[in-house]
Amino acid sequence: MNTILFIIQKEFIQVFRNRMMLPIIFVVPLVQLIILVHAATYEMKNIKVSIIDLDISSTSRQMISKFEGSPFFIIKNTSFSEKEAQQEMKKGNVDMILHIPYGFERRLVKENAAKVQIVINAINGASAGLINAYSTMIILDFNREILIDFLSPAMLTATHNINVTSSYWYNPKLNYKTYMVPGILCLLVTIIAFLLSGMNIVREKEIGTIEQINVTPIRKVQFIAGKLLPFWIIALFELAFGLTLGKILFNIPIIGSLWLIFLSAAVYIFVILGFGLLISTMTNTQQQSMLVSFFFMMIFILMSGLFTSIESMPEWAQRLDRINPIAYFIRIMRMVMLKGSDFHDIRESFYSLVVYAVGIIGFAVWRYRKVT
Amino acid sequence: MENPSILVRNISRSYGTVKALDDISFEVPKGELFGFIGPDGAGKTTLFRILATLVLPDKGVASVEGLDVVKDFKKIRKILGYMPGRFSLYMDLSVEENLSFYATIFGTTIEQNYDLIKDIYCQIEPFKTRRAGNLSGGMKQKLALCCALIHKPAVIFLDEPTTGVDAVSRVEFWEMLRRLKESNITIMVSTPYMDEASLCDRVALIQDGRIMKISKPEEIIADYRFQLWAVRSGKSFELLKDLHKYPGVRSVQAFGQSAHIAFEKSILSMEDLHKYLIQTGHENIEIEEIQPNIEDCFMELMIQ
């Protein structure tokens, strides 16, 4: 037991003697939280619109002013030429073209139906979908208003109307930050734990100190425990630090139990450390380890449900995600922090992480050999 | 030999198709300073790593203090001091931190075994707060030796401890080893420097994974059966070439400014050689009869 303590002590001395380490521990979470939370957002504001109004009627004006009045849209230019509008979109100056054809008002009055065309830049499919949804909403709204104008009050009451009111649970203000912060905290803990542990043992291999350690009576379980525990402590500290920052900077809600968050994190970090350790035992240089770590981390992060929802991934990808530890942890964090889930609600993810942790650390310890 | 400290019987080890060690056997009695001399790639490090329980032999048995290197590796690691060829202490820890780290993982303290390392440690103690990475080559080796000795091992293996160390530090280092012998520690040391062989109790010459000879340094010199002259001239490079061409010369080796030539006893005369060298355009020629040193003997063994 004492031996483990001495290794931990040694590791801590080395970590804090590394001049880059303190900035990494304190500045990285700050920067990540501030930049990523603000930048990685799906909220659409300032959608730039080009308008082609060939009708120039009071109805078409009314519709355009609807768009003008919306906080989401900015009217960038108006023209009569479709070509010009398309040029603007090609240059990337506008995201959407609203095309009101000649005879719009007349047709609306005479035939009770008229068409407008919306052209959306769909390079980013997700935002195109959102633009479409926003503009459809506006047009529907407009539609209802002109109904009132055109129809007699008697007819109006006769029309059946279903009115949908929605309320958003767990994130009532649809605040994107509330959704992002727990995920970014997961990312932060993951990166710190993964890279530190992945680089550590391989570093001893690279500089040759492992030779000297291997001839000592130290047992490999002691050695590995002494190697992993410092990073486990640092990663947990990092989570606490990140949560505090999130609370101060974004006032993110923490509805569930903090203990549950940290208990899950404690298990999760072991999974990540185990991964790093495994990579460390299989590689010979820090460079190799770095590349392999990045490979796994990229896949795990992009498939973690941090940016895109797991439910919208294809069936096979969802099944593949069962081996993605980050996905489990992000799910737990979001459920506990935003929904206030208790242990019973997250038990499936939690037990999966426990099994994962035992499995991967066991495998890594078995792989690590003192003798060649 | 009764209960040798180190016993090696028919050890072989290959890496792929390369035979690093080929059927090696030898014994080292308790408390001996035993040297392994051989060029780079001779198999010294592999042998050390097998005895230090880091590499498993393909064939043969080896034991340290009666403990088998394969079966009892755990026990061996407690009584063994090992100093790898490459500096392998923590560069980012200070001298003192390195030493106390190694002491604690062996379950001891610096104070407990201070006697053993006192002579060596007092030389680096003024720098004990300095990081190991900032020490000079010689001081690094002293620190590494301290770390290998801190748990009072019965046997220490030093793999090329003087490679890359300046001449003064090398002499100091060997003095330390001689003093350590008094503590009845078996010391096995390897070196590519042949001049260091004469400082060992016994030496083994190893080449291409085989032991060419094991003997006391004096005996190796006594066994030398050729005659040796040291030859000098103004043009040392041409001298070597011209001496090679001279009939009867068995070997020519450069030793600093002069060339040593070996030949069957009394088949050459100094005057004839002198004339030959003048003919081939040499000036300031000096030829003298010399006694063989250990290096001459090894050179001879290696061309056999």
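Domain bounds in what follows come from an automatic or database domain assignment. The structure is a predicted model, in which local features need pLDDT of at least 70 and side-chain atom pairs count only at pLDDT 80 or more, while totals for chains, interfaces and linings use all residues. Residues are numbered from 1 along each chain as its sequence is written, and chains are lettered from A and ligands numbered from 1 in the order in which they are written.

**Exercise 1. Describe the two domains of chain B and the contact between them.**

Step 1: The assignment divides chain B into domain 1, residues 6-216, and domain 2, residues 224-303. Taken over C-alpha atoms, the centres of domain 1 of chain B and domain 2 of chain B are separated by 37 Å.

Step 2: Two residues are in contact if their C-beta atoms, placed from the backbone, lie within 7 Å. Between these domains, the contact takes 9 residues from domain 1 of chain B and 5 residues from domain 2 of chain B.

Step 3: On the side of domain 1 of chain B that touches domain 2 of chain B, strand 9 (202-207) and strand 10 (210-215) of chain B each supply at least two residues; helices (H or I, at least four residues) and strands (E, at least two) are DSSP runs, numbered from the N terminus.

**Exercise 2. Which elements of chain B supply the side that touches chain A, and which classes do its residues belong to?**

Step 1: The contact brings 23 residues of chain B together with 18 residues of chain A. Helix 2 (73-79), strand 6 (80-83) and helix 3 (95-105) of chain B each supply at least two residues of the side of chain B that touches chain A, and the largest share, 4 residues, comes from helix 3 of chain B.

Step 2: For the classes, Ala, Val, Leu, Ile, Met, Phe, Trp, Tyr, Cys and Pro count as nonpolar, Asp, Glu, Lys and Arg as charged, and the others, Gly among them, as polar. The side of chain B that touches chain A has 14 nonpolar, 3 polar and 6 charged residues.

**Exercise 3. Describe how helix 11 and helix 14 of chain A pack.**

Step 1: Two packed helices are described by the angle between their axes and the distance between the axes. Axes are lines fitted to C-alpha atoms, for helices over the stretch in contact, and angles run from 0 to 180 degrees between N-to-C directions.

Step 2: Helix 11 (residues 258-282) and helix 14 (residues 325-339) of chain A pack at an angle of about 170 degrees, with their axes 10 Å apart. Helix 11 of chain A and helix 14 of chain A are therefore roughly antiparallel to each other, a term for angles over 145 degrees.

Step 3: Among the residues that make this contact are Tyr268(A) of helix 11 of chain A and Phe329(A) of helix 14 of chain A. By class, the contact of helix 11 of chain A with helix 14 of chain A has 11 nonpolar, 1 polar and no charged residues.

**Exercise 4. What confidence does the predictor give chain A and chain B?**

Step 1: The predictor's confidence in each residue is pLDDT, from 0 to 100. Chain A has a mean pLDDT of 85, with 92% of its residues at 70 or more, and chain B averages 88, with 99% of the residues scoring at least 70.

Step 2: Within chain A, confidence is lowest in helix 7 (residues 153-158), at a mean of 57, and highest in helix 11, at 93.

Conventions. Angles under 35 degrees count as roughly parallel, over 145 as roughly antiparallel, 65 to 115 as roughly perpendicular and the rest as oblique.
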